[in-house]
Amino acid sequence: MASVTAQTRTLDTPSSTERGKATTAVLVTVVLWASAFVAIRGIGHSLSPAPMALMRLAVAAAALSVLVLIRFRGAPRMPQSRRTLALVAVYAVLWLAGYTVVLNAAELHIDAGTAALLVNTAPLLIAFGAGLFFGEGYPKVLVVGSLVALGGLSIIAFGSSGHRDWLGVVLCLVAAVLYASGVLIQKAALRGVDGLVAIWLGCLVATAVLLPWAPQLLDELATAPPSAILGTVYLGLFPTAIGFTTWAYALRRMDAGKLSATTYAAPAVSVLLSWLLLGETPTLHALAGGAVCLLGVAISRRAGR
């Protein structure tokens with residue numbers, strides 16, 4: 001009996017190689033998602049929130065379609081369960097479409113530091129949701145690490161010199177709820193579908209949902225500068241197509257709460273990328289807050305060991 005139990009535990013637990021690949025996938029996701037904030041700032045006000053999201057997701061859907069055809073030789077393994085398909089559709093609408101549009105709109109009303117603070121309450125919501133719905137529990141180090149990371153985000157937001165208003169605050173909080181809900185639903189969906197196929201189908205659904213804004217997108221593209229167009233293409237190829245695929249790979253192999261806590265590092269990475277790519281010199285608050293964020297991530301990553 002003991003040998004059977006040990007064998008079952010071995011089959012249920014990812015190998016060290018799988019954990020290493022999942023960790024690498026997390027790092028790729030964090031860097032790419034952090035770069036998205038930089039790209040959106042570079043695009044500025046050239047594209048409206050919904051048209052920008054439509055183009056971003058359409059580019060991602062096209063790129064993932066090619067990748068899926070290559071990987072599965074033209075015959076992707078579609079989920080057989082209607083429940084799985086429904087879950088994919090729901091998280092596509094809530095996270096890929098809804099969150100993207102709401103976040104784009106929020107950044108028209110609120111500075112990046114405050115937006116990072118409010119939106120990045122989502123990993124804490126995910127940690128508690130995962131404990132409630134997936135039985136992951138509430139490890140003390142995960143809670144402590146998340147709170148420390150939130151403190152770091154507070155420091156970054158406190159030192160921000162940008163503007164903010166109540167509409168931006170509300171939109172950021174809505175984005176955080178959509179983000180958290182999407183991750184939890186995706187976690188359930190990944191039990192019945194390959195990660196790459198899940199993101200591919202999600203991008204197709206999200207693109208279809210945003211198609212009513214296609215005429216507006218075409219009008220805005222006619223006057224948008226090339227940098228805005230290239231920036232949106234970048235958002236579709238890298239933070240979306242690649243970033244969400246590596247995220248799904250890691251999410252299938254790690255606890256949702258523990259994995260989501262690593263995204264607290266994204267604002268810190270974003271500050272660094274803004275400094276390197278946009279010449280935005282970080283303030284002392286940004287540097288100190290980024291260091292605290294990384295400390296919180298280090299603490300939370302010890303959960304479950």
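This is a predicted model: local features need pLDDT of at least 70, side-chain atom pairs count only at pLDDT 80 or more; totals for chains, interfaces and linings use all residues.
The protein chain contains 14 helices and zero strands, and its pattern along the sequence is accordingly written as α-α-α-α-α-α-α-α-α-α-α-α-α-α. Whole-chain values are set out below.

| Property of the protein chain | Value |
|---|---|
| Residues counted as buried | 52% of 305 residues |
| Contacts joining residues at least 24 apart, among those between residues at least 6 apart in sequence | 91% |
| Accessible surface | about 14000 Å² |
| Share of the accessible surface belonging to carbon and sulfur atoms | 69% |

Helix α4 comprises 25 residues, 82–106. At its start, a side-chain oxygen of Ser81 lies within 3.1 Å of the backbone nitrogen of Arg83. Further along, α4 has a kink of about 35 degrees, centred on Gly98. At 1.5 Å a residue the helix should span 36 Å, so the 34 Å between its end C-alpha atoms agrees with expectation.

The largest nonpolar core has 74 residues. Those touching the most other members are Tyr91, Trp95, Leu96, Tyr99, Tyr179 and Cys203. Tyr179, with its neighbours within four places in sequence left aside, is in contact with Trp95 and Tyr99, and also with Trp33, Val119, Ala122, Ile126 and Thr263. Apart from this core lies another, made up of nine residues, including Ala36, Ile43, Met52 and Ala228.

Note on methods. Residues are numbered from 1 along each chain as its sequence is written. Side-chain values use heavy atoms; hydrogens and water are left out. Helices (H or I, at least four residues) and strands (E, at least two) are DSSP runs, numbered from the N terminus. The expected span of a helix is 1.5 Å times one less than its number of residues. The bend at a residue is the angle between axes fitted to the seven residues ending there and the seven starting there. A polar contact is a pair of N or O atoms within 3.5 Å; within protein, one must be able to donate a hydrogen and the other to accept it, and residues adjacent in sequence count only if both atoms are side-chain atoms. A nonpolar core is a set of buried Ala, Val, Leu, Ile, Met, Phe, Trp, Tyr and Cys residues joined through side-chain atoms within 4.5 Å. Buried means under 20% relative accessible area, exposed over 50%, partly exposed in between (1.4 Å probe, protein chains only). Contact means heavy atoms within 4.5 Å. Accessible areas come from the Shrake-Rupley method with a 1.4 Å probe; for residues, only the protein chains shown count as cover.
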